[in-house]
Number of protein chains: 2
Amino acid sequence: MGTASGSTLQAAAPAARSARRPGLDERAPFLLAARRERPQVTPVWFMRQAGRALPEYRVLRSGVPMLRSCQDPELIAEITLQPIRRFGTDAAIFFSDIVVPLVAIGLDVDIVAGTGPVVADPIRDERGLAALRPLEPDDVPYVTDAVRTLLAELGDTPLIGFAGAPFTLASYLVEGGPSRTHARTKQLMYRNPRLWHALADRLAEITIGFLRAQVDAGVDAIQLFDSWAGALDETDYRRYVAPHTARVLAAFENDGIPRIHFGVNTGELLTAMAEVGADVVGVDWRVHLDEAARRIGPGRAVQGNLDPTAVFAPADVLADKVSDVLLRGAKAEGHIFNLGHGVLPETDPGVLAYIVDLVHAG
Amino acid sequence: MGTASGSTLQAAAPAARSARRPGLDERAPFLLAARRERPQVTPVWFMRQAGRALPEYRVLRSGVPMLRSCQDPELIAEITLQPIRRFGTDAAIFFSDIVVPLVAIGLDVDIVAGTGPVVADPIRDERGLAALRPLEPDDVPYVTDAVRTLLAELGDTPLIGFAGAPFTLASYLVEGGPSRTHARTKQLMYRNPRLWHALADRLAEITIGFLRAQVDAGVDAIQLFDSWAGALDETDYRRYVAPHTARVLAAFENDGIPRIHFGVNTGELLTAMAEVGADVVGVDWRVHLDEAARRIGPGRAVQGNLDPTAVFAPADVLADKVSDVLLRGAKAEGHIFNLGHGVLPETDPGVLAYIVDLVHAG
């Protein structure tokens with residue numbers, strides 16, 4: 001599904017059939033780019049494309065708390081599909097939230113509008129670890145159900161699985177909510193590395209369980225979001241974070257699907273974030289993609305990286321910016337076009353459609 | 001004044017006399033490092049050292065609104081001196097706030113505790129420009145008075161003048177307050193570049209006026225904070241911001257004092273931020289200083305860049321981190337030790353004193 005096809009998602013006969021699941025086009029531009037084969041058009045999707053900027057999303061979410069929308073297979077599927085219908089992006093991203101697996105194993109976490117995740121009992125000592133048990137597919141039946149529905153609906157459009165990485169999950173659990181400085185989290189790392197590693201190890205296990213449910217249900221790729229890793233310098237990242245993220249990504253090494261890894265403000269971490277086992281490294285808008293590709297090294301594709309505020313530019317300025325991203329991205333071995341961070345809620349959906357057209361026109 | 005000297009600041013006879021002002025030691029480590037001569041000890045000061053973490057600051061500020069404390073020459077001087085007395089840092093930074101020059105020319109800006117600057121009438125069209133007139137020394141008599149008091153008190157310790165750069169000032173004025181995305185500011189740049197450049201030009205003029213008052217009163221260096229420049233990619237920075245910042249720094253080219261330039265999240269902008277005319281480029285904690293020196297290029301010193309959260313580490317871990325910064329900084333032509341961003345309010349002042357000792361011990 002390379003272009004928008006109106007409101008129906010009953011796919012035409014796919015160009016090729018996947019060994020993994022019926023319907024999927026193994027030559028879909030998204031999969032080719034992730035495998036560093038050269039697709040005819042550059043694939044494009046938008047981080048957090050499901051939701052926020054779409055009026056049809058706001059209608060669907062009206063009166064429905066965020067967490068509940070992530071636990072209802074019909075809502076998950078519908079929200080995941082909305083941007084595909086509207087924009088014809090080259091991949092769908094499974095609608096969820098970074099804290100869903102934590103809630104699934106029984107932690108008291110809520111997502112408060114305007115604030116973000118709020119953790120009732122922050123984890124700051126050994127005792128807190130006891131609450132962190134492994135996640136089984138049975139803990140997230142709505143995930144398995146939603147993936148199955150989606151695969152039938154999506155036809156030849158690949159579906160990307162979604163999870164947060166151990167550091168970012170740990171930051172929410174240790175801080176008790178969003179943090180600008182991650183001071184308590186770093187304090188725990190520095191003062192009690194044994195506890196830190198035990199915490200990150202359990203979170204890696206939970207993340208593996210959450211992604212395993214999605215992969216076994218049939219998603220065609222995974223993206224691991226380490227949203228806040230950019231708060232760390234490279235030394236701390238390699239010491240405290242990389243081993244746990246590597247464990248997560250290694251768990252899907254033999255599944256034959258692309259593993260994407262992304263965090264914002266990670267210009268100095270790109271080499272390390274590639275080395276943890278990513279097939280595709282997401283890049284925020286601050287780093288030119290050609291320079292990012294140099295840091296990421298050979299054997300990997302890049303994803304990104306239009307400034308999310310570029311959507312507010314006039315058409316000609318925006319077109320220049322898209323063109324610059326495409327030119328620089330072409331210097332990487334593979335390039336999946338995306339924003340350099342999530343879609344801003346005030347974005348005009350018409351501009352996102354324009355970007356898809358620009359990218360597909362090359 | 002290379003070490004803490006208790007509660008009095010009556011300096012001993014200085015080792016050398018400055019042509020610029022009596023008392024100053026032109027061979028002070030801070031000035032030598034800024035000039036890329038090798039001082040015997042690495043100089044150290046802390047961004048926002050004046051205030052926040054110090055109990056004596058909180059006592060002084062009790063019941064005094066932020067803006068009023070920046071308009072009272074006695075308070076300015078006292079707050080500027082507090083960290084020198086306590087830590088014996090190698091430079092004092094003039095206590096002020098980024099919006100002080102805007103208030104001085106009559107804009108309705110307040111600093112709201114827990115929020116930051118709030119602008120009553122955000123500037124979003126030509127009409128808004130009319131409010132921005134040049135700043136004369138007479139607009140900030142408290143600045144001139146405080147600098148004179150400080151120079152007498154500081155003796156041989158250099159005093160760094162303080163101002164915000166045009167982009168960061170513009171962001172507050174356009175957004176109406178702090179912004180995570182700077183979306184309105186970028187929107188103005190992209191949609192109305194003529195208005196943007198007119199706005200930035202006026203802000204450059206105001207910034208020059210504010211720094212001119214400090215330099216003519218005798219400060220020994222200036223630091224221009226472009227706190228939020230790191231929200232821009234290099235292309236936008238060079239197009240929309242660099243010319244205005246360059247104009248500010250060029251205005252002090254013949255004053256014979258070091259010009260320091262800093263913003264957070266600016267790893268990808270270091271080359272451009274050096275090229276605007278900085279003698280010393282401040283570096284946030286994400287970029288290793290040796291790599292930063294490479295990006296900044298020859299003929300300039302670096303300043304930074306310990307992670308501000310490193311203060312929460314145990315003494316041995318902290319000492320390793322300080323040592324790593326010193327080792328990497330030694331590869332630059334000149335190195336002034338600092339944090340990679342401002343002191344966090346919850347920092348234990350005793351730890352800052354320990355860092356000063358570590359840096360001076362080499």
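Mentor: Begin with one pair of strands. In chain A, strand β4 (residues 159–164) and strand β5 (residues 221–225) run parallel and are joined by five bridges. Keep in mind that this is a predicted model.

Trainee: Which residue stands opposite A221(A) of β5(A)?

Mentor: I160(A) is the residue opposite A221(A). As a general point, side chains in a regular strand alternate between the two faces of the sheet.

Trainee: What is the order of the strands in the open sheet of chain A?

Mentor: The order is β1-β4-β5-β6-β7-β8-β9, seven strands with parallel pairing. At the edges of the sheet in chain A are β1 (92–93) and β9 (335–339); each has a single partner strand, so one side of each lacks a neighbour in the sheet.

Trainee: And what order does the open sheet of chain B have?

Mentor: In chain B the open sheet also reads β1-β4-β5-β6-β7-β8-β9, again with seven strands and parallel pairing. Its edge strands are β1 (92–93) and β9 (335–339) of chain B, each pairing on one side only. Inside that order, strand β6 (residues 259–262) of chain B runs parallel to strand β7 (residues 280–282) of chain B, with two bridges between them. There, H261(B) stands opposite V281(B) in β7(B). A helix is packed on this sheet: α14 (residues 315–329) of chain B touches β8 and β9 of chain B, and its direction makes about 165° with that of β8(B).

Trainee: Which strands of chain B run antiparallel?

Mentor: Strand β2 (residues 109–112) and strand β3 (residues 116–119) of chain B run antiparallel, joined by four bridges. V109(B) stands opposite V119(B) in β3(B). The two strands form a hairpin with three residues between them, and G114(B) in the turn has a positive phi of about 85°.

Trainee: Now the helices. How should I describe a packed pair?

Mentor: Two packed helices are described by the angle between their axes and the distance between the axes. For the case here, take helix α8 (residues 166–175) and helix α10 (residues 193–217) of chain A: they pack at an angle of about 115°, with their axes 9 Å apart. The crossing of α8(A) and α10(A) is right-handed.

Trainee: Which residues of α8(A) and α10(A) meet?

Mentor: From α8(A) there are P166(A), L169(A) and A170(A); from α10(A), L199(A), A200(A), L203(A), A204(A) and T207(A). Seven residues of this contact are nonpolar, one is polar and none is charged.

Trainee: How is chain A superposed on chain B?

Mentor: A rotation of 180° with 0.0 Å of shift along its axis does it, at an RMSD of 0.0 Å. The two copies are therefore related as by a two-fold rotation axis.

Trainee: How many residues of each chain are in contact with the other?

Mentor: 22 residues of chain A are in contact with 21 residues of chain B. On the chain A side, helix α9 (residues 183–191) of chain A gives the largest share, five residues. That side divides into nine nonpolar, six polar and seven charged residues. Of the interface residues of chain A, 95% are also interface residues in chain B, so the copies meet through the same surface.

Trainee: Last, how many helices and strands does chain A have, taken as a whole?

Mentor: Chain A has 15 helices and nine strands. Its radius of gyration is 19 Å, close to the 21 Å that the globule rule gives for 362 residues, so chain A is as compact as a globular protein of that length. Along its principal axes, the C-alpha trace of chain A spans about 55 × 40 × 40 Å.

Terms used. Residues are numbered from 1 along each chain as its sequence is written. Chains are lettered from A and ligands numbered from 1 in the order in which they are written. This is a predicted model: local features need pLDDT of at least 70, side-chain atom pairs count only at pLDDT 80 or more; totals for chains, interfaces and linings use all residues. Copies are superposed by least squares on the C-alpha atoms of residues with pLDDT of at least 70 in both. Two residues are in contact if their C-beta atoms, placed from the backbone, lie within 7 Å. Two strands pair if DSSP finds at least two bridges between them. Ala, Val, Leu, Ile, Met, Phe, Trp, Tyr, Cys and Pro count as nonpolar, Asp, Glu, Lys and Arg as charged, and the others, Gly among them, as polar. The radius of gyration is taken over C-alpha atoms; the globule rule is 2.2 Å times the number of residues to the power 0.38. Axes are lines fitted to C-alpha atoms, for helices over the stretch in contact, and angles run from 0 to 180 degrees between N-to-C directions. A crossing is left-handed if the near helix is turned anticlockwise from the far one by less than a right angle, and right-handed if clockwise.
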